[in-house]
Amino acid sequence: CASCNGMNVREQGLGVRSLVRILTQGLPNARVGIVEGRKTQTLSLEQANLVIGGTGILSQVWGGEYGLAVMISPDNDLALTDYRTAEEVWSVANHFLSCIPSLVVQTRQPEHRVWQSLKQNNRKVFYTTELEQRSQFGYPPAMNLLRLTLQGKDREQVLAEMKKMLSVISDQVKVASVTVTGPYPDYYQQVRGKYRFHLLLRYGL
């Protein structure tokens, strides 16, 4: 990566600019507004009839007059190793439906609880399954979580310091109902040139 010098480069999605290029080829008369982060690029949203962006687009289109929203490859987000991912994707989809009449989702997982809940217009379909899975694997609200993070430019040094921290914590929680997982690397391995490792502590309510 030219920005952080990280070696762990992987494809996360199509990318806003690539999507704009593809769509404008098929829709040459489209007036495209691009939302990157929370900023609008190119046309203002009042001038555009096609708005493209990431999740930051929600705050920009709220209150506008749009007839259709499309979620491209949300499966990439659902694949992230974060217990909150499904809830966040479900929340984004519900925000779209609250201000735009129609929503189209591109997914390889049509049976996923997020999409089945939306398809049936039944929040309990999502809530029930989500709570069962969180309880099974020890995630909130069934358990409390505390994540400790250490980062630095020297990967081995960061890992060694995190192992020392694990040793200290393990001695302190032997008599308590606390389980410790880790140290484990951050999903993105390296952020702005720094390596990250985490410890995860689980304990009862």
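**Helix packing and backbone exceptions**

Modeller: In this predicted model, α4 and helix α5 (residues 113–120) pack at an angle of about 25°, with 9 Å between their axes.

Colleague: Why is α4 called roughly parallel to α5?

Modeller: Angles under 35 degrees count as roughly parallel. The angle here is about 25°, so α4 is roughly parallel to α5. The crossing of the two is right-handed.

Colleague: Which residues of α4 and α5 meet?

Modeller: On the α4 side they are Ala86, Val89, Trp90, Ala93, Asn94 and Leu97, and on the α5 side Arg113, Val114, Trp115, Ser117 and Leu118. By class, this contact has eight nonpolar residues, two polar and one charged.

Colleague: Serine 117 is in helix α5. What makes serine 117 count as buried?

Modeller: The cut-off for buried is under 20% relative accessible area. Serine 117 has 3% relative accessibility, and therefore counts as buried.

Colleague: Which residues is serine 117 in contact with, leaving aside neighbours within four places in sequence?

Modeller: Serine 117 touches Trp90, Asn122, Arg123, Val125 and Phe126.

Colleague: At what angle do helix α4 and helix α6 pack?

Modeller: Helix α4 (residues 85–99) and helix α6 (residues 123–137) pack at about 165°, and their axes are 11 Å apart.

Colleague: Why are α4 and α6 called roughly antiparallel?

Modeller: Roughly antiparallel applies to angles over 145 degrees. At about 165°, α4 and α6 are therefore roughly antiparallel to each other. Their crossing is left-handed.

Colleague: Which residues make the contact of α4 and α6?

Modeller: α4 contributes Ala86, Glu87 and Trp90, while α6 contributes Arg123, Phe126, Tyr127, Glu130 and Arg134. The contact of α4 with α6 divides into four nonpolar residues, four charged and no polar.

Colleague: Glutamine 133 also lies in helix α6. Why is glutamine 133 called partly exposed?

Modeller: Partly exposed covers what lies between buried, under 20%, and exposed, over 50%. Glutamine 133 has a relative accessible area of 32%, so it is partly exposed. The C-alpha atom of glutamine 133 is separated by 9.3 Å from that of tyrosine 83, 50 residues apart along the chain.

Colleague: What makes the phi of serine 73 worth a remark?

Modeller: Most residues other than glycine have a negative phi. Serine 73 is not a glycine, yet its phi is positive, near 50°. Serine 73 sits in the loop between β4 (68–71) and α3 (75–78), and its 25% relative accessibility makes it partly exposed.

Colleague: Where does arginine 192 lie, and why is arginine 192 called exposed?

Modeller: Arginine 192 lies in the loop between β7 and β8 (194–203). Exposed means over 50% relative accessible area; arginine 192 has 73%, so it is exposed. Arginine 192 is not a glycine either, and has a positive phi of about 50°.

Colleague: Which kind of peptide bond joins proline 140 and proline 141, and which kind joins glycine 182 and proline 183?

Modeller: Most peptide bonds are trans. Proline 140 and proline 141 are joined by a cis bond, with omega about 10°. Glycine 182 and proline 183 are likewise joined by a cis bond, with omega about 5°. Proline 141 is in the loop between α6 and β6 (144–152), whereas proline 183 is in strand β7 (residues 178–191).

Colleague: How many helices and strands does the protein have?

Modeller: The protein has seven helices and eight strands. Of its 205 residues, 29% are buried.

Note on methods. Residues are numbered from 1 along each chain as its sequence is written. This is a predicted model: local features need pLDDT of at least 70, side-chain atom pairs count only at pLDDT 80 or more; totals for chains, interfaces and linings use all residues. Side-chain values use heavy atoms; hydrogens and water are left out. Axes are lines fitted to C-alpha atoms, for helices over the stretch in contact, and angles run from 0 to 180 degrees between N-to-C directions. Helices (H or I, at least four residues) and strands (E, at least two) are DSSP runs, numbered from the N terminus. Angles under 35 degrees count as roughly parallel, over 145 as roughly antiparallel, 65 to 115 as roughly perpendicular and the rest as oblique. A crossing is left-handed if the near helix is turned anticlockwise from the far one by less than a right angle, and right-handed if clockwise. Contact means heavy atoms within 4.5 Å. Ala, Val, Leu, Ile, Met, Phe, Trp, Tyr, Cys and Pro count as nonpolar, Asp, Glu, Lys and Arg as charged, and the others, Gly among them, as polar. Buried means under 20% relative accessible area, exposed over 50%, partly exposed in between (1.4 Å probe, protein chains only).
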